[in-house]
Amino acid sequence: MLLLYQVVLLLALSSVAVSQLAGNIDSAIKLCEDSTIATCDQCIKAHPDCAWCAATQTGVSLKRCQHKSKLNCPTPAEMPSGSVNRTKNTPLSVPNLNQNQSAAVQLQPQEIRIKLRKGESKKFNVTFRKVEDYPVDLYYLMDLSFSMHDDLQVLQGLGATLAQDIKNNVTSNIKMGFGTFVDKVMMPFASTVPQQLKNPCAKNQQNTQCAPPFGFKHQQNISSELENFKNSVKNTTISGNIDSPEGGFDALMQIAVCSNEIGWRPQATHLVVVTTDASFHMALDGKLAAILEANDMQCHLQKGYNEELPNDIVYSKSRELDYPSIGQLRSAFQANKIQPIFAVTKEVRSLYDGLSQLIPNSFVGELAADSGNIITIIKTAYNQLKEKLEMTLGDNKPPEIDISYRVFCPNSSTWKDNGDLSCDQIKIGSEVFYEFTVTATDCPTSSSNQPVIFTSNSLQEDVKIYFDFLCSCDCSQTRIPQSSNCSTNGTLVCGICECDPTHEGATCQCLRDSVVQSVVDKCRKTNLNSDLCEGHGKCECGNCLCNDGYFGTHCECSNNGCPSSDNKVCGGPLQGTCYNCNNNPTCNCTNGWTESKIGTCTCHEDLCKVNSTDTSLCSGNGICECSRCVCNSTLWAGQYCDKCIDPKCKPPQEPCNTKISQCAACLNNAQQLRLDAAQSCKRECNGTNYYLDNTIPNCGQCTTDCHPKCSEIDTTKLPPTLCTQPQTDSPCTIKYQVVWSKSDNDYLLLVKHFNKDTDCPPPTNVLLIVLPIVIGIVVIGVIALIAWKIYQTIRDKREWVNFENEMKKSKWTKGQNPIFEKPFTRFENPTFHGN
């Protein structure tokens, strides 16, 4: 799936690219064929793809300025093309450079000359390759103010090993120089008391002999004689001044600008190691000593200038020029490819960190209290600086040139675009690739041979880029006066005639009416500012000779520009022709075709008939509008308005009629017997759309949770009616409904599936018959028993009453009555005498 997506995306992008390319070519063709182009020089400036046909052939059919894709010239056309010529292209040095070899080459090419036409672009590459043991010039600059007394002793103690350790730990191909600085010998920077001018330590350090103060003293040229460096350091004496900030900026400026005096090699990395424990004076601090003249950034090293130091080379303008600014120092470092290494104590580390951010390719290291780690700082700084490459492009680019670039670093997997030309972690043998794209936006008004420099602050090498502009044709230099091709009345230049003042025309064959009035003006339709022959032809002695596809007195008419359909102008030649005059395009339709709304001849009444022999349009149910039927009511639809979409135009279909009931009965029976309804009821349901379901939807009263079929039923056109009919030989019923289908625009029969529980009368329940009978018998029996009991009770009661009456009538004596006997017997105790 992902692969398919990528293929589709690639095809889409390709189509877009092809479309853009086609659009660019069309635009270029218009530029090349601009009617205002009259000379070869104008032609090649119009677009880089324009060519000038300089053939001596004359005639209106020959186009002079042409696009290269449509080039048609009997002779080779004038089409100068840009080029990139590497005028100096010395191969890159091998990574393991030997000192005995010639100067290392790390940039290739070294010089490029580019020729460009206006609007033309060219690409070129520059390669950088890191080599081992690239030559290094190291100048050691030390602060000799008294606070550096201990550091000088350590440095002198290192003595013979210092230079060798730098060579062993930094690079073997090294040359070293040495210099020192204090400050301007003026108040308030240094004491001007005569005694302290000889020994600035005399006041507070009675037992210490210090050297006279100075601004900057150059003690040892850049040299491979490391013994000289050792002796210079050994013979150095500490000095002193008054204030804490020192004059290191004066020293750094002289080291940067005095290339010859210092001994910098042209093909070497230039390093300056500055050791100090104090801050620095900078521009405007000189006002404290009434020094008002700004630093001039010139070399002022002079021997014997300081009376106290007659044999030393010192900065001679120390008392006359102010300290340099940070910007001046930065500019001098960049111009002379110098990279400073500041080895400073912890107390001023933050100050020099800020300075390092303003000076490119600089390094700050923290110096130990006794400067014992100076070798480590130099080694760390050198390794860090040599692994970083930051290239810059000169700001003297011609204004008519646009330059874009990108860089591919060794530790990167992608190109970096404009704005950043730096790379880090560059090892020996690593290669950095730069790709440049240059475009000429215009032709220069003045010539300049100054190259654009591509270089780095850390490299002595550079790439010089020269630009040449192709703004004139070679044939412009060859002029043939009174040429026979110009009727001897003009000069032939690049195949065209430059006529003398009294003649005109393509071959100077026309005599001007006057020097002021030209017969050419007769070829202008409106005024003197309008195009000759409307830009669509050539003017010959006041008459327009039109190009192909144009006609009219001033070539103002064309058979192009009219509306088109399916890429056919006016519908095609069989349907109409284009007549476009004065930018008013009109299609003249033929063969029964008429204009559409967009003006093309694409409308015909025969297209509104079902058959060409029909006498009525749109089946009589609509009107024909440009080959399309527009139905005149909501009853009809279709291409020819021949399809009924409303019950009103259908044959009357009464609900519950005989044919519908026969189809419904057949479908119900087939479903009941589990038969194929479509086959079983083909005859009964012929021409009837039907649908079987478990229920008949009540779509007319439905608002929510409607039957799914309701969305297909239009109750407004045909209110649904529920129909029922008995089944043949069965007490069950058939239920169905006739509705109007939205999708089919026809009647639809909805038939309910047979369900004996709902469609048939319920069977007789025996229990409901027997149970009432049984219950009746039981109830009647109970009632009879109760009646009999009541009768017996009443009868027995009557008999008892009669019995009692009979007993009352009987007379019985005490003795005669056998049932009379007193219930008690009396006994007396003969011994009892009391109550």
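Pro109 is found in the loop between strand S4 (107-108) and strand S5 (111-116), where helices (H or I, at least four residues) and strands (E, at least two) are DSSP runs, numbered from the N terminus. The structure is a predicted model, in which local features need pLDDT of at least 70 and side-chain atom pairs count only at pLDDT 80 or more, whereas totals for chains, interfaces and linings use all residues. Residues are numbered from 1 along each chain as its sequence is written, and side-chain values use heavy atoms, with hydrogens and water left out.

Most peptide bonds are trans, and most residues other than glycine have a negative phi. The bond that joins Gln108 and Pro109 is cis, with omega about -5°. A cis peptide bond also leads from Met187 to Pro188, with omega near 5°. Pro188 belongs to the loop between strand S8 (174-181) and helix H5 (194-198).

Positive phi values form the next topic. Thr488 is not a glycine, yet its phi is positive, about 55°. This residue sits in the loop between strand S21 (479-480) and strand S22 (490-493). Thr488 has a relative accessible area of 48% and is partly exposed; buried means under 20% relative accessible area, exposed over 50%, and partly exposed in between (1.4 Å probe, protein chains only). Cys555, likewise a residue other than glycine, has a positive phi near 55°. Its place is the loop between strand S28 (550-551) and strand S29 (557-558). Cys555 counts as buried, at 0% relative accessibility.

The strands on either side of Thr488 take part in an open sheet of 3 strands, ordered S21-S22-S23 with antiparallel pairing. S21 and strand S23 (496-499) are the edge strands; each has a single partner strand, so one side of each lacks a neighbour in the sheet. Two strands pair if DSSP finds at least two bridges between them, and the antiparallel S21 and S22 are joined by 2 bridges. Arg479 has Val493 in S22 as its bridge partner.

H12 has 15 residues and reaches 21 Å from its first C-alpha to its last, close to the 21 Å expected at 1.5 Å a residue; the expected span is 1.5 Å times one less than the number of residues. Its buried residues are Ile660, Ser661, Cys663, Ala664, Cys666, Leu667, Asn668 and Ala670. An α-helix has 3.6 residues a turn, so residues three or four places apart point the same way. The cover over the buried residues of H12 includes helix H13 (677-680), strand S38 (690-693), strand S39 (721-726), strand S40 (733-741) and strand S41 (746-752). H12 is followed by Arg674, with a positive phi near 60°.

Among the covering elements, S40 is itself mostly covered, with 7 of its 9 residues buried. S40 runs antiparallel to S39, and 6 bridges join the two. Pro726 is placed opposite Thr733 in S40. The hairpin of S39 and S40 has 6 residues between the strands, and Asp729 in this hairpin takes a positive phi near 55°. S40 also pairs with S41 in the antiparallel sense, over 6 bridges. Here Val738 is opposite Leu749 in S41. The hairpin of S40 and S41 has 4 residues between the strands, and Asn745 in the turn shows a positive phi of about 50°.

Technical notes. Contact means heavy atoms within 4.5 Å.
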